[in-house]
Amino acid sequence: MNVFFVGAGPGDPELITVKGQRLLGQADIIIYAGSLVNPALLSLAKNGAVIYNSASMTLAEVIAVMTAGVKDNKLVVRLHTGDPSIYGAIQEQMDALAAQNITFEVIPGVSSFLATAAALKQEYTLPDVSQTVIITRLEGRTPVPEKEKLAALASHEATMCIFLSVHMLDDVVKELVDGGYACETPVAIVQKASWPDQKIFRGTLATIAQVARESGIDRTAMIVVGKVLHTDYALSRLYAPEFGHMFRPAQEGR
Ligand code: SAH
């Protein structure tokens, strides 16, 4: 195996997997997504590793670096922010490699929506509040299928993690309210979750756009919307005494 797609995690270099860290240290060639991957991770590269920033490359150029590396029997690591499966544009890279009979492996990473939950010290799935997390984005230059428009998804009133959209916050709020979320629904925005300069902003659908305007949030930010951000919820059944499961019998009379 010569090519590894590695999830870099959300920013903190310690949040890469052990396997990803090992491969990064062994790689002869590293192609990293420069706009979001923390450059501190590159200090794991061995001496002499050749490092490319894909921010200024086309797909064809990325594939050319990979195929040339494979031909020379080099170990190639393609480093993507968070987990590569989420807005990582890896499918087209994997398909291009497969078309040339180049084998590869994917090493998952901690996605930024999970680092955001950690920053907020928040469970996304609270009993009686929401048992569903919707990962989505507002339509930008990349189109979003009609049935997945924010307003349509909002009708579920589930917990939502909205990527790639903080610079269009007014439109996000409008779609969510049009779709059925109440104006008082709480919203949190985490900018650069897990980075040293992480920031948290809170408000409601009625106030968050103003909060964002006043604080000048940059693009590396996650919008979380949903009633889970209120504290009112039922306790989990998992630890309830009368609720038995595979590893613990129910306690009678309680
Ligand atoms: N594959 C990545 C997402 C890439 S899309 C992942 O799994 O996290 C880029 C978007 O991810 C940004 O616009 C932002 O919404 C979000 N993002 C990436 N890193 C982030 C971080 N550290 N904190 C908050 N949001 C982040």
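The model is predicted, so to speak of local features takes a pLDDT of at least 70 and side-chain atom pairs count only at pLDDT 80 or more, while totals for chains, interfaces and linings use all residues. Residues are numbered from 1 along each chain as its sequence is written, and side-chain values use heavy atoms, with hydrogens and water left out.

Across the boundary, 11 residues of domain 1 are in contact with 12 residues of domain 2, contact being heavy atoms within 4.5 Å. On the record side, an unreviewed UniProt entry puts "domain: Tetrapyrrole methylase" on residues 3-208; such annotations may be inferred rather than shown by experiment, and the positions follow the numbering used here. That span is 28% helix and 21% strand, and its end C-alpha atoms lie 42 Å apart. Helices (H or I, at least four residues) and strands (E, at least two) are DSSP runs, numbered from the N terminus.

Next comes the largest pocket, which holds about 1,200 Å³ of space. Of its 42 lining residues, S35, L36, T81, Y87 and L164 come closest to the centre. Two or more lining residues come from each of α2 (59-71), β4 (76-80), α3 (91-99), α4 (112-120) and β10 (221-225). A pocket here is an open set of points on a 1 Å grid over the protein atoms alone, where a 1.4 Å probe fits, with protein on both sides within 12 Å along at least five of seven lines; lining residues have an atom within 4 Å of a point. Points are joined across faces, edges and corners, and the volume is the space filled by probe spheres set on them. By type, the lining has 18 nonpolar, 17 polar and seven charged residues, where Asp, Glu, Lys and Arg are charged, Ala, Val, Leu, Ile, Met, Phe, Trp, Tyr, Cys and Pro are nonpolar, and the others, Gly among them, are polar.

G20, in helix α1 (residues 18-26), counts as buried because its relative accessibility is 0%; the cut-offs are under 20% relative accessible area for buried, over 50% for exposed and partly exposed in between (1.4 Å probe, protein chains only). Beyond four places in sequence, G20 touches V6 and I107. T67, in helix α2, is buried at 17% and, with neighbours within four places set aside, is in contact with Q100 and I102.
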